[in-house]
Amino acid sequence: MSQSPPNTPAETLEEISLAQAVKNWFNETPFFSWFMQKGYLQGAFWATMICLVSVFNDILMRFLGERLHVAEIIFFRFLFSMVTIVPLMMSRGLTLFKTSYPHLHIFRAILGVGAFVACCYAVNVMPLSENTTIMFSQPLFFLPLAVLLLKEKVDTPRWAATLFGFGGLLLIIQPGSETFNLIALVPMAAAFQFALLDILAKKMVVTENTYSMLFYFAFGTTIGALIPAVIFWQTPTMAEIGLLILLGIGANLIQVCLIRAFSATDASALMPFRYVELIFSALFGFLLFSEVPTPWILGGAAVIIAATFYLSYYEAKKNKKV
């Protein structure tokens with residue numbers, strides 16, 4: 001009979017073995033293993049999941065923002081994000097806490113605090129669908145950054161699909177209307193910072209462990225949001241704590257989906273799929289907040305969907321030729 005290694009409790013070994021068995025079952029089951037493979041369709045799936053979870057988190061932040069200050073919401077979001085990821089890391093060994101990019105983790109944390117403060121504030125002062133549409137300026141920042149910082153080659157169909165989708169966004173926003181005021185600069189600032197976060201994630205995912213990226217992002221942003229949270233402190237109720245926990249879990253899910261998407265295919269190829277978030281935000285805005293989409297929103301959404309499906313067809317056809 002084999003013995004446990006020195007200083008390693010048998011219970012811990014059983015937990016690790018169980019976790020590995022579950023992981024093996026997940027990877028070996030045909031239905032689930034498809035989602036973990038590389039490919040454009042897998043990347044598109046995870047990009048769509050980013051949109052769904054992002055809108056869900058926006059809804060949570062709006063409900064929480066009715067009483068709690070934005071600084072406190074951001075602090076708890078990252079705190080619970082960190083708390084929920086630590087047990088998973090501990091079960092896999094302390095080596096996951098090692099990192100090759102301490103400076104990039106710090107930079108990501110600074111960007112994260114700024115981006116989510118701007119995002120949370122905008123969600124609470126603007127209609128959900130309008131906030132989401134302005135946030136769609138992110139691809140305009142991302143594509144040039146992907147070319148300059150990641151040295152990715154963005155071919156003509158990708159540029160065309162992304163710009164065509166942005167044309168649908170312009171139909172919704174209608175430049176020159178009252179939508180463009182000083183408040184509109186807040187989600188645009190968040191969009192720029194999110195684009196940089198995506199670029200850094202794409203750069204780091206090559207060698208950095210997923211759990212390490214999740215932990216250090218959550219840890220850094222928790223520290224960064226601590227002092228503002230103390231200044232504007234309001235003791236949360238039990239119901240609010242429950243929503244804050246869900247917000248933290250959702251933050252981790254977004255990061256997991258983001259990393260899985262970038263591991264599956266080129267980052268620039270997935271940008272038009274971020275427009276799918278518009279569909280989710282309009283739907284939940286109507287169901288939960290009685291925000292009725294205007295004809296301009298519906299027309300712009302149709303253009304965005306057309307661009308997304310075109311790119312999906314183009315990428316699937318190109319992959320068959322490889």
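## The F215–F219 pair

F219 is partly exposed, with a relative accessibility of 39%. In this predicted model, the ring of F219 pairs with that of F215, the two centres lying 5.8 Å apart. The planes of F215 and F219 meet at 15°, so the pair is stacked; the cut-off for stacking is an angle under 30 degrees.

Both residues belong to helix α10, where F215 and F219 are separated by 4 residues, about one turn of the helix.

## The F76–W233 pair

The structure contains 11 aromatic pairs. One of them joins F76 and W233, whose rings are 5.6 Å apart from centre to centre. An angle of 45° between their planes makes this pair tilted.

The F76–W233 pair connects distant parts of the chain, 157 residues apart. F76 is located in helix α4 (residues 70-90), while W233 occupies the loop between α10 (210-231) and α11 (238-264). F76 is buried because its relative accessibility is 10%, and buried means under 20%. W233, at 41% relative accessible area, is partly exposed.

## The aromatic cluster

F76 and W233 also take part in one aromatic cluster, together with F75 and F80.

## A charge over a ring

A contact of another kind involves R62 and F289. R62 lies over the face of the F289 ring, 4.4 Å from the ring centre.

Terms used: Residues numbered from 1 in each chain as written. Predicted model: local features only at pLDDT ≥ 70, side-chain atom pairs only at ≥ 80, totals over all residues. Heavy atoms only, no water. Phe/Tyr/Trp six-rings, centres within 6.5 Å; stacked < 30°, edge-to-face > 60°. Helix = DSSP H or I, 4+ residues; strand = E, 2+ residues; numbered from the N terminus. Buried < 20%, exposed > 50% of the residue type's maximum accessible area, 1.4 Å probe, protein only. Lys NZ or Arg CZ within 6 Å of the ring centre and 35° of its normal.
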